[in-house]
Amino acid sequence: MKAVIVLPTYNERDNILPLLAALRTEEPNIRDFRLEILVVDDSSPDGTGELVRDAQQTMPNLHLLIGQKKGLGAAYIRGITHALDILKADAVLEMDADFSHDPRDVKRLLVNIAYGADFVIGSRYVPGGTIPGQWSLLRRLNSSVGNFVARNLAGLTRVRDCTAGFRAISAALLHRIDLKSLKVQGYAFQVTLLHEAIIAGARVVEIPVDFTDRTAGESKLGIRDILEFILNAAQIRLRSNTTFIKFSLVGLSGVAVNLIVFSALLSFGFNKLLASALAIEASIIGNFILNNQWTFKDRARSESLPVRGLKFNAVSLISLSVSFGTFMFLQTIHPDGSPVLHQLVGIAPAMVVNYFMNSYWTFRRVKSVTQETRGPMSAFQEDLTNTKKPQP
Ligand SMILES: Nc1nc2c(ncn2[C@@H]2O[C@H](COP(=O)(O)OP(=O)(O)OP(=O)(O)O)[C@@H](O)[C@H]2O)c(=O)[nH]1
Ligand SMILES: [Mg+2]
């Protein structure tokens, strides 16, 4: 069987040759797979690509794909597609080219694939896995918030390290995923691919690894990547969540209730302002009843109905402020823009806030009841995660 290590590089001239040498040293230790290496270089200005081209003279199993810089995810999509279609890989490995991932762990990842796992993660956040001791508080926060967002917002709670970039994936699984349809350019790719893998029924395994800081070159993580990462996680959640669709339908019905009650009160001779306020409250109460009985029906209840009702009202008020705040903000930065458009744009963040606050606060899950269902990955985790780490 053949395993292809896909190494994305951008300005890694000080790392790439030592890494290729280290991987070469590892080759004899890998039993079940023949190793090939595919460097995906985005025309690095520092000449990384040329170094690889020279190295190809002495390494027949080294391949090089040159492209334009569009981000880590775009590079991986190209690289993995090439590994599957052209190199006919049976397994593909993702690995950083900056020595953050120990080449000696490659065999531990691959052994799990040989044993039947589909998606093996070199994990920093399972027992035995580590992040560098010298990481500053900010850096730790950055990593754990990223992982928290991926786990909770994208709904990948079963996996401990969703943002890891050191992973082995079986070709059988990758063939079930339409890589070209993934619309992620940057680091968000890691979360998206994991999500697609789980949907495709992957047997996911996490094994502990030590993650080390790069000593040469610079990190390429930018603000654009961070933004894409958050939006992508939210999008994954919304797409895969029928609860959200129900919640939106209830919201629409609220608009109807609001207008009907408003017109009825006006016809009874109520004052306009009072009628408006009562109509809003009527729609909030209507929405609450429907969400309580339908959208979040399967959530075990820890609080009484009136407490949930009050929380729901509070969230509605907060959403109102978000919507109004967005409108004011847009009007301030684009005073000539269409007020109707700004009002419409304001609804989107308000709706997201409204949904997540109600889902995680008003109707939050009671832990032990719904989270215990066991998916395809758990049986594997227990069997295979404890393959030993190399001693330093
Ligand atoms: N081909 C390609 N490779 C990239 C791109 N961005 C990053 N990389 C490579 O992807 C790997 C991970 O990138 P890093 O910049 O080390 O990101 P990181 O590991 O999250 O950040 P640090 O921990 O600070 O190093 C490295 O091998 C980079 O050279 C890109 O746009 N194109
Ligand atoms: Mg790195």
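Q: Is the crossing in which helix 9 passes helix 10 left-handed or right-handed?
A: This is a predicted model, where local features need pLDDT of at least 70, side-chain atom pairs count only at pLDDT 80 or more, and totals for chains, interfaces and linings use all residues. Residues are numbered from 1 along each chain as its sequence is written, chains are lettered from A and ligands numbered from 1 in the order written. A crossing is left-handed if the near helix is turned anticlockwise from the far one by less than a right angle, right-handed if clockwise. Helix 9 passes helix 10 in a crossing that is right-handed.

Q: How many nonpolar residues does the contact of helix 9 with helix 10 have?
A: Ala, Val, Leu, Ile, Met, Phe, Trp, Tyr, Cys and Pro count as nonpolar, Asp, Glu, Lys and Arg as charged, the others, Gly among them, as polar. This contact has eleven polar residues and one charged. Its nonpolar residues number 14.

Q: What is helix 10 relative to helix 11, in terms of angle?
A: Helix 10 spans residues 272-295 and helix 11 spans residues 305-333. They pack at about 125 degrees, with their axes 10 Å apart. Their crossing is right-handed. The angle therefore makes helix 10 oblique to helix 11: the word is oblique.

Q: How many polar residues are in the contact of helix 10 with helix 11?
A: The contact of helix 10 with helix 11 includes three nonpolar residues and one charged. The polar residues number four.

Q: Do helix 1 and helix 2 run roughly parallel or roughly antiparallel?
A: Helix 1 (residues 13-26) and helix 2 (residues 48-55) have axes 9 Å apart. The packing angle is about 25 degrees. So helix 1 and helix 2 run roughly parallel.

Q: How many nonpolar residues are in the contact of helix 1 with helix 2?
A: Helix 1 passes helix 2 in a right-handed crossing. Their contact includes one polar residue and one charged. The nonpolar residues number six.

Q: Which are the edge strands of the open sheet?
A: The sheet has seven strands in the order 3-2-1-4-6-5-7, with mixed pairing (two strands pair if DSSP finds at least two bridges between them). Each edge strand pairs on one side only. They are strand 3 (62-66) and strand 7 (204-208).

Q: By how many degrees are neighbouring strands of this sheet turned against each other on average?
A: The direction of the strands is ignored here. The average turn is 20 degrees.

Q: Which residue in strand 3 stands opposite aspartate 41?
A: Strand 2 and strand 3 pair in the parallel sense, over five bridges. Opposite aspartate 41 stands isoleucine 66.

Q: How many charged residues does the shell around ligand 1 have?
A: The shell holds 19 residues (near means a C-beta atom, placed from the backbone, within 6 Å); the closest are Pro8, Ala75, Ala97, Ser219 and Lys220. Strand 1 (2-9), strand 2 (34-41) and helix 3 (72-85) each supply at least two shell residues. By class, seven are nonpolar and four polar. The charged ones number eight.

Definitions and conventions:
Helices (H or I, at least four residues) and strands (E, at least two) are DSSP runs, numbered from the N terminus. Axes are lines fitted to C-alpha atoms, for helices over the stretch in contact, and angles run from 0 to 180 degrees between N-to-C directions. Angles under 35 degrees count as roughly parallel, over 145 as roughly antiparallel, 65 to 115 as roughly perpendicular and the rest as oblique.
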